[in-house]
Amino acid sequence: MTDLIDASIWVQCDNLEARRRLRARDGQEEEELHREWEEQEIPFLLQDRPWERATAIVAGRPLLEHDPNTQVVTAQLAPARAEVI
């Protein structure tokens, strides 16, 4: 089915930041659901590795200075480096 996709974007974020965003979005009452989801998601991601098929990888929590209203921080897989575009 991926042959029907022209481009894809993987947004990479560390687990602590992802949990913080989930709590902000869904509230504390969904914590158990998120934990159950993560228990299944992590092994799936490690096996499927969707970032390897992504056209672009965007930093969900970039360390580079940028204007989040007009720029995103992307990563190149090889050589490893990041840039603001």
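I began with confidence: the chain of this predicted model has an average pLDDT (the predictor's confidence in each residue, from 0 to 100) of 82, and 86% of the residues score at least 70. Helices (H or I, at least four residues) and strands (E, at least two) are DSSP runs, numbered from the N terminus.

I noted that residues are numbered from 1 along each chain as its sequence is written. Local features need pLDDT of at least 70, side-chain atom pairs count only at pLDDT 80 or more, and totals for chains, interfaces and linings use all residues, while side-chain values use heavy atoms, without hydrogens and water.

I next looked up the packing of helix 1 (residues 15-26) on helix 2 (residues 31-48): the angle is about 145° and the axes lie 11 Å apart. Axes are lines fitted to C-alpha atoms over the stretch in contact, and angles run from 0 to 180 degrees between N-to-C directions. For the contact (heavy atoms within 4.5 Å), I listed N15, R19, L22, R23 and D26 from helix 1 against E31, H34, E38 and I42 from helix 2. By class, I recorded 2 nonpolar (Ala, Val, Leu, Ile, Met, Phe, Trp, Tyr, Cys and Pro), 2 polar (the others, Gly among them) and 5 charged (Asp, Glu, Lys and Arg) residues in this contact.
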